[in-house]
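Here are some notes to read beside the model. Keep the sequence and the structure open as you go through the points.

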Amino acid sequence: MSLQIFLDRLDQLQSDAQNAFDGAAGIDALEDARVTFLGAKNGQFKDVQKMLGGIDSADKRTAGMRLNEVKKAINDAFETAQAQLDSGGDSQIEPGFDPSLPGHQPQLGHIHPITQTIDHLTEIMGRMGFEVAEGPEVEDPFHNFVALNIPEDHPARDPLDNFYLATAGKSADTGEGDALLRSQTSTVQIRVMQSRQPPIRIISLGRVYRPDAPDATHFPMFHQMEGLYVDTNVTMANLKTVLRVFANNYLGDDVEIRFRPSFFPFTEPSVEVDFLWNGSWIEFGGAGMIDPNVFAAVGYDPEKVSGFAFGLGVERLCMRRHGITDIRDLYSGDLRFLQQF
Ligand code: DAH
């Protein structure tokens, strides 16, 4: 075999191998190309190497040197292509990428069970014509106590039963008293009545704060649904109907409802509200007819208007409906718990 043919053959081999390695779209294709050109048994380089035996002995040295150069060049080309693919390459297609497989599902967050409950309660009460009102969580004693007929010496105002914000200064509204985290959503009754005239039909759902040690049924922060209905000739029958319709909608058909005599400074008469749930009476909150002193505090004429109010525990409602037995589960942030809702 002539030296020239041998050298041409080597050139051709080098450029074929280079093209094959450069064009390999993934590690599998590159490996196929490697076997084709560098395979120990039937690789094309091996074939050409075998031809060296047929070269005249005078040309063997030249042919051998060129053979080694080409071998190195092909090996280098392979390594460069491999490194390119390992680092992501400039190819659009990832190694091992299978476009027919389903994609990665992005993890979407979802709505906390208490927020779901608030939405549900809002929807039920909305159907009875109650619109949503809001109030601040940092309150002043006027809205949290005074206007609600809770006098200075009442135990509900005890510093040990409230989160007073000693450094927060005086109330923006009245300029007096230390601010506190509201202990009840009844504050919103006052704010709404101060800013509008009857008829009024509102609910207010939000956080309240009390320094209770956490256990299965207590948490220092929880939620209440406050309701307020003010018009002329409002009676306790109206109150009972609204709460019964609400309970039937939220807890299921035919929930029985019971009023027990009680006392709240801002209602007269006052009742505890129980629902019959799975065979036992459970207290869900308090209610009553608005006390004339409360109407007077917001500038309404108690002789002309009447109304009812109620306050229900949102966690209690949510827990009964979903069979949750420990309030702390709602606020532990444990996704295994939260994802069930
Ligand atoms: N604010 C009361 C509490 O936190 C609940 C309550 C009772 C609200 C009677 C009312 C009501 O509006 O009329 O214990």
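1. Start with a definition. A residue is called buried under 20% relative accessible area, exposed over 50%, and partly exposed in between. The structure here is a predicted model.

2. Apply that to Asn149. Its relative accessibility is 24%, so Asn149 counts as partly exposed. Asn149 lies in the loop between α6 and β3. Look at its backbone too: Asn149 has a positive phi of about 70 degrees, although it is not a glycine. Why is that worth a note? Most residues other than glycine have a negative phi.

3. Now go to Asn233. This residue is not a glycine either, and its phi is positive, about 60 degrees. Find Asn233 in the loop between β5 (221-231) and α8 (236-251). Is Asn233 buried or exposed? Asn233 is exposed, because its relative accessible area is 68%.

4. Next, helix α10, which covers residues 314-322. Which residues of α10 are buried? They are Val314, Glu315, Leu317, Cys318 and Met319. An α-helix has 3.6 residues a turn, so residues three or four places apart point the same way. Just after α10 comes Gly323, with a positive phi of about 70 degrees.

5. Check the peptide bonds. Most peptide bonds are trans. A cis bond joins Pro198 and Pro199, with omega at about 0 degrees. Pro199 sits in the loop between α7 (187-195) and β4 (200-209).

6. Another cis peptide bond joins Glu268 and Pro269. Omega is about 0 degrees there. Where is Pro269? Pro269 is in strand β7, residues 267-277.

7. Turn to surface charge. Asp158, Asp161, Asp212 and Asp215 form a negative surface patch. Asp158 belongs to the loop between α6 (141-144) and β3 (180-181). Asp158 counts as partly exposed, because its relative accessibility is 30%.

8. Last, step back to the whole chain. The protein is divided into domain 1 (3-89) and domain 2 (114-338). How far apart are the C-alpha centres of domain 1 and domain 2? They lie 84 Å apart.

Terms used: Residues numbered from 1 in each chain as written. Predicted model: local features only at pLDDT ≥ 70, side-chain atom pairs only at ≥ 80, totals over all residues. Heavy atoms only, no water. Patch = residues over 30% accessible without salt bridge, like charges linked within 9 Å, V, L, I, M, F, W, Y side chains within 5 Å. Areas by Shrake-Rupley, 256 points an atom, 1.4 Å probe, with all protein chains shown as cover. Salt bridge = Lys/Arg side-chain N within 4 Å of Asp/Glu carboxyl O. Lys, Arg positive; Asp, Glu negative; His and termini not counted. Charge placed at Lys NZ, Arg CZ, Asp CG, Glu CD. Helix = DSSP H or I, 4+ residues; strand = E, 2+ residues; numbered from the N terminus. Buried < 20%, exposed > 50% of the residue type's maximum accessible area, 1.4 Å probe, protein only. Domains from an automatic or database assignment.
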